[in-house]
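Reader: Please take one part of this structure and go through it closely. I would like the setting given as well, in plain terms.

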Amino acid sequence: MWQQKSFEKEGAEGALYLVPTPIGNLEDMSFRAIRIMKEADLIAAEDTRNTKKLCNYFEIDTPVISYHEHNKVTSGKQLLDKIKSGQVIALVSDAGMPTISDPGYELVQEALAEHVTVIPLPGANAALTALIASGIATQPFYFYGFLSRSSKGKKIELETLKKITSTFILYESPHRLKDTLQSLLEILGNRKIVLCRELTKKYEEFIRGSIDEAVRWANTTEIRGEFCLIIEGSEIQEEETVKWWEPLSINEHVEFYINNKNMTSKEAIKETSKDRELAKRDVYNAYHIEP
């Protein structure tokens, strides 16, 4: 067990700050977030171009370096080395909370493994902003984020979400919205949904109704903006008689985790063995050895 006292050694040791940025309206940037970004030795950003625009607006002249999904292994090690040498790093994503459907989770894990102080700041978040104005039960709720891009992966995920009695939250891009809404209708049935787009921006919009109505709306409208979907939970807790993975072979089960959950083969084999209550060696042999 490690008990972190976040500010006990402030100024004497390095630290990793997780700094939320506005999801649309720049006025949602907090005074504290601006101060931390100004005082940090470096800002690690998902997209340096977007972050530099934000920095210019708030007159933040701290150097900005890249940390994103494609360089997180090498960049993460470099950032961790800098923190351990005494530097303060502010991690930001393009919009909203770092690590929530954005890069940063692996860096936090690696930092904590080294007993590096990780300090979160409160701030803008699309999921909670949408939820509280949705009119659908706000608690309990389940945040899922983006569904799989593959049709098979999306179907498997929705079959699991179908059984949840809590309100649940999805993110979706404009070019995949129609397909996702159709999948929701086919698998979940017709229940309440709220489509939230362009949150905090000039064209913020809430489309409230049923999934069937949302499908018809999407098929007759030019879809623009990033969406947050608030979906009513199941009224009846279904007894799970069939596991989501039962139709899959062991190979397909492992591949699902690799392709849809960004796991390594080792991690995927471990999760598959847990799901199926099999020895990891048996799953490994089925995946790597058996034809």
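Reader: Which strands does β4 pair with, and why is β4 largely enclosed by the rest of the structure?

Author: The model is a predicted one. Strand β4 covers residues 88–92, in a protein chain whose secondary structure comes to 11 helices and 10 strands.

Strand β4 pairs with β1, made up of residues 15–18. The two run parallel and are joined by 4 bridges. Within this pairing, A15 has V88 of β4 as its bridge partner. Strand β4 also pairs with β2, which spans residues 42–45. Here too the sense is parallel, with 4 bridges. In this pairing I89 of β4 stands opposite L42.

Of the 5 residues in β4, 4 are buried, so the strand is largely enclosed by the rest of the structure. For the protein chain as a whole, 43% of the 291 residues count as buried.

The setting can be given in a few values. Among contacts between residues at least 6 apart in sequence, 68% join residues at least 24 apart. The C-alpha atoms fill a box of roughly 55 × 55 × 30 Å along the principal axes. The protein chain exposes about 16,400 Å², and 49% of that area is supplied by carbon and sulfur atoms. Its charged side chains number 36 positive and 44 negative, with the centres of the two sets 1 Å apart.

To return to the strand itself: β4 is bridged in parallel to β1 and in parallel to β2, and 4 of its 5 residues are buried.

Definitions and conventions
Residues numbered from 1 in each chain as written. Predicted model: local features only at pLDDT ≥ 70, side-chain atom pairs only at ≥ 80, totals over all residues. Heavy atoms only, no water. Buried < 20%, exposed > 50% of the residue type's maximum accessible area, 1.4 Å probe, protein only. Contact = heavy atoms within 4.5 Å. Areas by Shrake-Rupley, 256 points an atom, 1.4 Å probe, with all protein chains shown as cover. Lys, Arg positive; Asp, Glu negative; His and termini not counted. Charge placed at Lys NZ, Arg CZ, Asp CG, Glu CD. Pairing = 2+ DSSP bridges.
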